[in-house]
Amino acid sequence: MKDEETVGLEYLKTLLEGRLEKLNRLKQKMDTFANLIEELNKKEEKFLTASSTIKESNEKMLYYFEGFDLYKDLQLINHSIEEIEMEYKREESSLKEKIMSVEFSEEELNEYIKKLSTFLEDKTKQIMNLGGSQKEIFNESIERVRDSLVTLKRLLNTLIKRVESISDKHDLKEPLNSKQIEIQQIEDGIPAEVEVLNKKSLESLKGLYVKTVNDISLVRESLRNFAVKNGLLDEREIVVLETVYELSRREFEFNELIELLKERIPVEIVDLQNLLLSLSRKGFLILKLITE
């Protein structure tokens, strides 16, 4: 009787151990699937966060750049974001249907997880590329207005210098100081990066870039008129100085300056050279002769 019980218990022990081993293998598989699903979930969160952030930035930029020539490029980016989101929603809907209607085999589940992982990686990359294009548009446009401001400030400093050099013109310094404050206010209103726009309301951003460009143009025209009216500089001298300021952001050849001035001032080359020499004598330009 004892032998029979021993045999029965040994068999039961072996049976339980076998089933325990199967359960451990199943647990390992389930743990693996759980890890894969967790990774998939992180990729989905990364995609959704990137998509939401870049979409919000693009919406703010559409308001900020309204009326500007790059507005259409931002509309194309917005359209691309919407297309990617639609693809994601279709894939999400398809997944829900399959889960509800199909019992996945281990092989099928692995294959589908891999497919979803690749899909999310691709869509995240596409979204990030759109974000890169977005920032490129922003940076190039902001650089353009900052360059205009640099030229404007240099013209203003030239006029202040001119006023200070003429004894009977000192009373003109006060209106130039007012322009300096006006220019600083324009500069303070220019966002340093895309993220700054996200902190502002849509209505406050509407057409603000074009307004900034127009404000710079108005101050520039006002300074030019002020200079000519008060005999500080004539129109041709202003054109020469502004052209030099624009080119001086990089190294340039004298001939390059002359060619550009020929397009802006329809006079003989000798007259352009005399203009440059005159401005040099007045202390507004320093002409350097370099020999090899």
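Which residues make the nonpolar surface patch of about 400 Å²?

A: The model is predicted, so local features need pLDDT of at least 70 and side-chain atom pairs count only at pLDDT 80 or more, while totals for chains, interfaces and linings use all residues. Residues are numbered from 1 along each chain as its sequence is written, and side-chain values use heavy atoms, with hydrogens and water left out.

The patch is made by Tyr11, Leu12, Leu15 and Leu16. Patches consist of residues with over 30% relative accessible area and no salt bridge, with nonpolar side chains (Val, Leu, Ile, Met, Phe, Trp, Tyr) joined within 5 Å and like charges within 9 Å. Areas come from the Shrake-Rupley method with a 1.4 Å probe, and for residues only the protein chains shown count as cover. Leu12 belongs to helix α1, residues 2-64; helices are DSSP runs (H or I) of at least four residues, numbered from the N terminus. With a relative accessible area of 42%, Leu12 is partly exposed, that is, between buried (under 20%) and exposed (over 50%).

Aromatic rings come next. Phe65 forms an edge-to-face pair with Tyr64, at 4.9 Å centre to centre and 80 degrees between the planes. Rings of Phe, Tyr and Trp (its six-membered ring) pair if their centres lie within 6.5 Å; planes under 30 degrees apart are stacked, over 60 edge-to-face, and the rest tilted.

Charged side chains complete the picture. The structure has 14 salt bridges, each a side-chain nitrogen of Lys or Arg within 4 Å of a carboxyl oxygen of Asp or Glu. In one of them, Glu242 meets Arg220 at 2.8 Å, N to O. Glu242 lies in helix α8 (residues 235-247) and Arg220 in helix α7 (residues 208-229), so this pair ties together parts that are 22 residues apart in sequence. Glu242 is buried at 5% relative accessibility, whereas Arg220 is partly exposed at 34%. Arg224 joins these two residues in a network of salt bridges.

Definitions and conventions:
Helices (H or I, at least four residues) and strands (E, at least two) are DSSP runs, numbered from the N terminus. Buried means under 20% relative accessible area, exposed over 50%, partly exposed in between (1.4 Å probe, protein chains only).
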